[in-house]
Amino acid sequence: GVIISNPDTFVSIGNLSSPTTLLAIIGLVITIVMLVRGINGGIFYGMIITTIIGMIVGLINVPSKVIGSIPSLKPTFGVVFSHLDQVFTPELLAVIFTFLIVAFFDTAGALIALTSQAGMMKGNTVPNIGRALLADSTASAVGAILGTSTPATSVESSAGIAVGGRTGFTAVIIAACFTIALFFSPVLSVITLEVTAPALIIVGSLMAMEIRKIDWTKLEIVIPSFLTIIMMPLTSSVAIGLAFGFILYPLCLVAQKRYKEVHPIMYVLCLLFILYFAFIV
């Protein structure tokens, strides 16, 4: 509710006196104060405190029970296989290609950003990125079979990295917590949008710290970088933002007759994304 849609300007400032919007703002301030004071787990504590405040003032319903039943997978399990005979139709192949582009570059973008934040990148490369992509794609395939929303690498992981979670053991602990959480859905229902919004704003701030590594003094770097960054929120797609960068960066260097500095794969990606925009988007 801090930013809302507007028929004249597309977006504008919302009603900051709205109770739910105020709750989100209070949660954001609490979280910021804890983080800048160096309190580990500040984002988590901010969500807990915001939830408690919401329940006290009546904006969040107090759960009537603690333990709930686990939803059945029966309605969605294996449904994906019922349309296998339609996979090789032109319409579905276009959909598959679109999902491939979006899923791959969403994941690649998140992995690069997260490993950079964690200080794990070596020589501008991500160590063992093949294994990371395999884990991500395996999770996506399993999620599709189960009928869940697609499990994927998410930039929200930067919140965990910020407080020291830099190994696979972190993911194992989180998976265990999710498993336990299956039995406590009534309690987790109190985590509303007003509670999670401050956390996501902080995550955005953490990710923005990485743009300091861009050379903002060179126009051929600034233009592709700026459009990559700005097109992500404007199109609600990491992949489309990256597409602009993949197209414009080679073009800028070719215009400067520095085409030998561009890796051949960049030219291939440039062409693929031009075809993607021309025939699919």
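Predicted model: local features only at pLDDT ≥ 70, side-chain atom pairs only at ≥ 80, totals over all residues.
Contact here means heavy atoms within 4.5 Å.

Helix 9 spans residues 219-235, and helix 10 spans residues 238-255. Two packed helices are described by the angle between their axes and the distance between the axes. For helix 9 and helix 10, the angle is about 165 degrees and the axes lie 7 Å apart. Angles over 145 degrees count as roughly antiparallel. Helix 9 and helix 10 are therefore roughly antiparallel to each other. Their crossing is right-handed.

On the side of helix 9, the contact is made by Glu-220, Ile-221, Pro-224, Leu-227, Thr-228, Met-231, Met-232 and Thr-235. These residues meet Val-238, Ile-240, Gly-241, Leu-242, Phe-244, Gly-245, Leu-248, Tyr-249, Cys-252 and Leu-253 in helix 10. Sorted by class, the contact of helix 9 with helix 10 has 13 nonpolar, 4 polar and 1 charged residues.

Charged pairs were examined next. Side chains of opposite charge can pair when their charged atoms come close. The count comes to 5 salt bridges. One of them links Lys-218 and Asp-215, with the closest N and O atoms 3.8 Å apart. That distance falls within the 4 Å cut-off for a salt bridge. Lys-218 is partly exposed, at 40% relative accessible area. Asp-215 is also partly exposed, at 31%.

Salt bridges that share partners join Glu-210, Arg-212 and Lys-213 into one network. The relative accessible area of Glu-210 is 15%. Buried means under 20%, so Glu-210 counts as buried. Arg-212, in contrast, has 55% relative accessibility. The exposed class lies over 50%, so Arg-212 counts as exposed.

Phe-97 lies in helix 3, which covers residues 90-117. At 28% relative accessibility, Phe-97 is partly exposed. Phe-97 and Tyr-276 are 179 residues apart in sequence. In space, their C-alpha atoms are 9.0 Å apart.

Conventions: Residues numbered from 1 in each chain as written. Heavy atoms only, no water. Salt bridge = Lys/Arg side-chain N within 4 Å of Asp/Glu carboxyl O. Buried < 20%, exposed > 50% of the residue type's maximum accessible area, 1.4 Å probe, protein only. Axes fitted to C-alpha atoms, helices over the stretch in contact; angles between N-to-C directions. Helix = DSSP H or I, 4+ residues; strand = E, 2+ residues; numbered from the N terminus. Parallel < 35°, antiparallel > 145°, perpendicular 65-115°, else oblique. Left-handed = near helix turned anticlockwise from the far one by under 90°. Nonpolar A, V, L, I, M, F, W, Y, C, P; charged D, E, K, R; others polar.
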